[in-house]
Each structure stands twice: as structure tokens, then as C-alpha cells.
Amino acid sequence: MSAINEIASLWMEGTMRTLDAFRTGFGATMDDPPPATRSRVIYESGLVRLRHYEARGENQKRVPLLLIYSLIKRPFILDLQPGRSVVEYLTKQGFDVYLIDWIPPRTDDRNHGFNEYVNTDIANAVRAIQIYTGIQQISILGYCFGALLGLMYSALHSGNVKNLVTLTIPLDTSPRQLPIEHLTAAMTSRSAKTIVEMYGNAPAWMIYSFFNTLAPTHHMLDKFVGAYRSSARPGYLDTFKLFERWLHSDVPMAGRIFLETSEMWRENSLVKGTMKVGESIADLTRIAMPLLNVIGDRDDIVNPASSEPLPELVSSEDKQNLHYPTGHMGAAISADSLKRLWPQITNWLSARDA
Amino acid sequence: MADDNDNPRSKLNSTDTTFSDEILKLAQCLMPEPPTSKVKRLVADITNKGIDRQLHELGWKAYDTVIGAANNATNRVFTSPTVGNVLGGAIDIMLRYQRFNVAVAGAFFSALWPAVGLPSATEVESIRSDVRAMREELRDAVADRDSKDDFASEVHAAVRESIISQQAVERAAAQESNGQAAPETRKSSVYQFSVWSGWPSTDPMELGEDVGN
């Protein structure tokens, strides 16, 4: 009986959270939980707020590391709580970490497309790091959609990038195995245009609903039952609640980039080498820096088969796929990933720090 | 040490018993209890608890199976091309219908609302979303006040200056290639950087080179 009560209580709490988000709006930056790692905002312009997390420890690295997070959720998942924070781990390994904390687009920002995000916002953030550190070439680590943006930046501004790490990148849209791929393919260009014409930007509630529709049983019941079953583990429920906050942290996607993304995925243009960012083609063969492509083998958001072809498309000599048995979010927050996956990433970066 | 309550003899003193209980207790008293029976009882207790645990695990296994089946069914539905086509069409129709409704309502009421001094729903929604964004910005600004100091604005100014310089170079190069004289451009960003305290003494960046002239 107590099990049912506890599950019901967790379910009620979660449902209230969802209803509140629909009522008051998703992903308000004010709803971010307190950060685990101290940061300093060193630059802000356009839709970029650049945070700096100072390296700790004795073995400090020379090359600054820029984290580019996805556009559709708040980035606090990378700094969730002490002991479960990618940012904390990286700084402890001696990396000077910079994070692009995307400012959610307003109605006025509907014309923000790949060109503005890549050639203005990321380019300015990199320039700010160059000015701040006095170092010309930086390492970029992009996560999910952020990896796509980082990849495009690296193709268009390759001289500024020393190393590139892409984590669960949704690149090749030709494989059609996961529900998300079928649902994305089902959305016509006319639907995408109608959304933008109606709302200006792709609304956060729509993005949230889209992802929840993919796994209704999990979001309606199983995650609460799972939380109950693991509640005896120390600290589990705290992490679960923070994770839930992140799940409700969707932000709108600027109208133009939403249209451009849906077109890019429909045409598979980045893989085909026809993707235009501003006036230039994002030609992946211009990427010659060392590349580490991290793939979550149990990823049900980004098909591993979608990330796998990347090394074949770039001209780098030093390139590799790193497969790890984890899911999409697990790559960032699971204790196992922090123990086993991230050391491999930092070792790879450290070996290319000179 | 055994609890007194476990001893059948002690239970004979209890008054709140049925006749069959009394007979059972009498029989137990008449039969001596060897140490092995005590062990057996302990084993039986453990086994009972084991059965509970097994039942518990079986219950969760059944739950996992049902959830797994539900997930598989959902995945099959979403990966079916027919469902995809139907869903895609339905989304499209729904959005167009909604848009049409908004347009009709907007056109119908647009003349009415201003007449009674009220804004349209779209206007209200647009203002609400902007106000929400501004509140967030304000909140962020306050939250970052401690960490974000003059330094951030100096970096901002330096980035801006470097962009302007680079654009000037590109403009000059374009004009030169068209056979025109390059106009006098701004001084190099080096000057801008040199007045900035905390700027690295050595400046290996291309941005710091004399790009202005």
C-alpha cells in the first residue's frame, strides 16, 4: 500500500509540474536550479551568454574548452549537482571551461537562423574566448544539436578550432529506425511553415509535447515507478527531481532555425554537402582538426547510426568514433558515464592539448 | 535466547483462546520439542520471507513485461509508415485549421476589440511572451550581477571592436579589388586592447594584429 501511495505522490508531483509548465511557460531561465559549479559571465550579446568555469587542480590545460549546448533545453543538465556535473568534472581535470548558455529567443528573434547562431553568436563567443585567454585555437565540445552547431562552426571557421568533440550528434537523417526519426520525417515543410507563421518561433510546449509523445508510457507512469524503485539509493530522488526540472526546461526554437533544421533533416543536406549557412556552404571536408565523435549505443533520441558516418565525411587524419553503452541523457548525467566515458574524452583532449 | 511467547507452554496461560487452540497447545505441550524442530521453524520463517520476496520480484517482473510490451507497441505505431503519413497529414490539417480559425477570429474581432478598447488575443499573447522574456532577462541580470562585472562589458567592447575592424578590412579589400582607393579605416584593435587592463601581455591572436591599415 505504501508503494502505491509513494508512486501516486511522485506522479502527482510530476503531473503538477507539467501542468504548471503549460500554464506559466517552459524553460524560464529563472527556473534553473542553483549551479553546482561557480561561473562568471564573461560575454553576452545576441542570443549568447558565455559562462566561464575556471580550471582547478594542478594539471591545468592550455587550450580552452567551449561547450555548445542544444538550443531546445536549458543547459543546467551539464552542471546538475555536485558529483553529477560534467562541468565540475572537466574543471577538476584542469580544463578552462566556457559554456554557451543560449538566451531563449523572443518573438523578435524569429529570424535567427543557422547563419546568426553560427556566424554571429558562436563566432563572437569564440572571439571573446580568444580575447579573454589570448589563445587563438580552442577546443569545441558540442552536445546533440549543439554538436551540429559546433560542427558547422568548425567547417566555416576551421582556423579557430584545435579539437572538435561531438557528443550524440544528429547528423545523418537517412536511417529510419527510431520513432523520433519517423515522426520528424512525418512533419511536412508546410506544417513547419504554418507553425512559424502562427507562433513566430516553435513554441516550447510544442517541443516538450513532441518528445513526450515519443515515449508516453515512460513519461506518464514508468519514470515515477522507476523513481520509487530506486528511491532507497542515497540521493536518487534529489537527482530525479532535478532531472525532472530539466525535462521541463524546454525553450522555444527561433522560427528561422526551426525551418532551416527541418529542411536540413528532410534533405539530409549537411551530409550531402549542400547545406548553406549564410552565404557559404558548410562543407564538412574543410574540417581537418582532430575529431572525436562520441556515440551513445542506447540512445533513443539520436540514432547511433545517424552519428556514425561523421568521421567519413571530414578530412581530419586524427578522427575516431567512441561508442559507449549509454543513452542520450545518460551520456551527460549518469554516474557510470562520469566514471568511464568522460575520462576517455578528457584523456583524448589532454593528449591534444599541446 | 528464545522469546517466552514462542514457548507453547507459556501460551497455556492465555485465556483468550478457542477450543481448537487449546487442543493444539495441549498436544504441543505433550510432545517434547527437539532442537531440530526449532531449526526447522527458523528455516520455514526464512522460506516464507523468501516467498514474499519472490512474489515481490515476480510482481515487478510482470510490471516490467507490461511496460516493455506497451513501449514496443508505441514504437511500432510510430515507426509504421502508414501511421506516420496519417499523423503527418493530421498535424498539417490541424495546424492549418487552427491558423484559419485564428485568422477568421482575428479578422472578425479585430474591428470589434479596438472599438471597445481591447487588444486582440494575438497581441496579448505577444506582449505576455515579451514581458515574460523581459522578466527573465531582468532576473538573470540581477542573478549575474555578482559574477558579471565590468570585465564582461570590456570583453564585449573588444569583441565588437574586433568585428568592426575585420569588416573594415574586408570592405577595404573589396573596394581595392574594384579598383578604388581604400578609405581610411579605424585604428587597429591593438590600441583598443592595450588600454584594457588585464589584457595578456603577449597577443598571439590574429585579431590583435595591425589589421586596421
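In which helix of chain A is A:R256 found? A:R256 belongs to helix α10 (residues 255–267) of chain A, where helices (H or I, at least four residues) and strands (E, at least two) are DSSP runs numbered from the N terminus. The model is predicted, and local features need pLDDT of at least 70, side-chain atom pairs count only at pLDDT 80 or more, and totals for chains, interfaces and linings use all residues. Residues are numbered from 1 along each chain as its sequence is written, and chains are lettered from A and ligands numbered from 1 in the order in which they are written.

A:R256 counts as buried because it has 20 C-beta neighbours inside 10 Å. A residue is buried if 20 or more other C-beta atoms lie within 10 Å of its own, exposed if 12 or fewer, and partly exposed in between, with C-beta atoms placed from the backbone. Leaving aside residues up to four places away in sequence, A:R256 touches A:R110, A:N111, A:H112 and A:G113; two residues are in contact if their C-beta atoms, placed from the backbone, lie within 7 Å. A:V196 is 60 residues from A:R256 along the chain, and their C-alpha atoms are separated by 7.9 Å.

The largest nonpolar core has 107 residues. Such a core is a set of buried Ala, Val, Leu, Ile, Met, Phe, Trp, Tyr and Cys residues joined through C-beta atoms within 7 Å. A:L66, A:L67, A:A128 and A:M152 have the most contacts inside this core. Helix α3 (residues 114–133) of chain A gives the most to the core, with ten residues. The contacts of A:L66, not counting residues up to four places away in sequence, are A:Y98, A:A125, A:V126, A:I129, A:I138, A:S139 and A:I140.

A:S139 is buried, with 23 other C-beta atoms within 10 Å. With residues up to four places away in sequence again left out, A:S139 touches A:V63, A:L65, A:L66, A:K162, A:N163 and A:L349. A:D353 is 214 residues from A:S139 in sequence, while the C-alpha to C-alpha distance between them is 8.9 Å.

Helix α3 of chain A also packs against another helix. The axes of α3(A) and helix α4 (residues 145–156) of chain A come within 10 Å and cross at roughly 65°; axes are lines fitted to C-alpha atoms, for helices over the stretch in contact, and angles run from 0 to 180 degrees between N-to-C directions. The angle makes α3(A) roughly perpendicular to α4(A). Angles under 35 degrees count as roughly parallel, over 145 as roughly antiparallel, 65 to 115 as roughly perpendicular and the rest as oblique. The crossing of α3(A) past α4(A) is right-handed; a crossing is left-handed if the near helix is turned anticlockwise from the far one by less than a right angle, and right-handed if clockwise. On the α3(A) side, A:F114, A:Y117, A:V118, A:N119 and A:I122 meet A:L149, A:M152, A:Y153 and A:L156 of α4(A). By class, the residues of this contact are eight nonpolar, one polar and no charged. Here Ala, Val, Leu, Ile, Met, Phe, Trp, Tyr, Cys and Pro count as nonpolar, Asp, Glu, Lys and Arg as charged, and the others, Gly among them, as polar.

In a second pair, the axes of helix α1 (residues 2–24) and helix α8 (residues 216–229) of chain A come within 9 Å and cross at roughly 130°. The two helices are therefore oblique to each other. A:A3, A:E6, A:I7, A:L10, A:W11 and A:G14 of α1(A) meet A:F224, A:V225, A:A227 and A:Y228 of α8(A). These residues divide into eight nonpolar, one polar and one charged.

Chain B has eight helices and zero strands. Of its 213 residues, 9% count as buried. A contact between the chains involves helix α6 (residues 189–199) of chain A and helix α4 (residues 81–110) of chain B, whose axes come within 9 Å and cross at roughly 30°. This makes α6(A) roughly parallel to α4(B). The contact has five nonpolar, three polar and five charged residues, and α6(A) passes α4(B) in a left-handed crossing.
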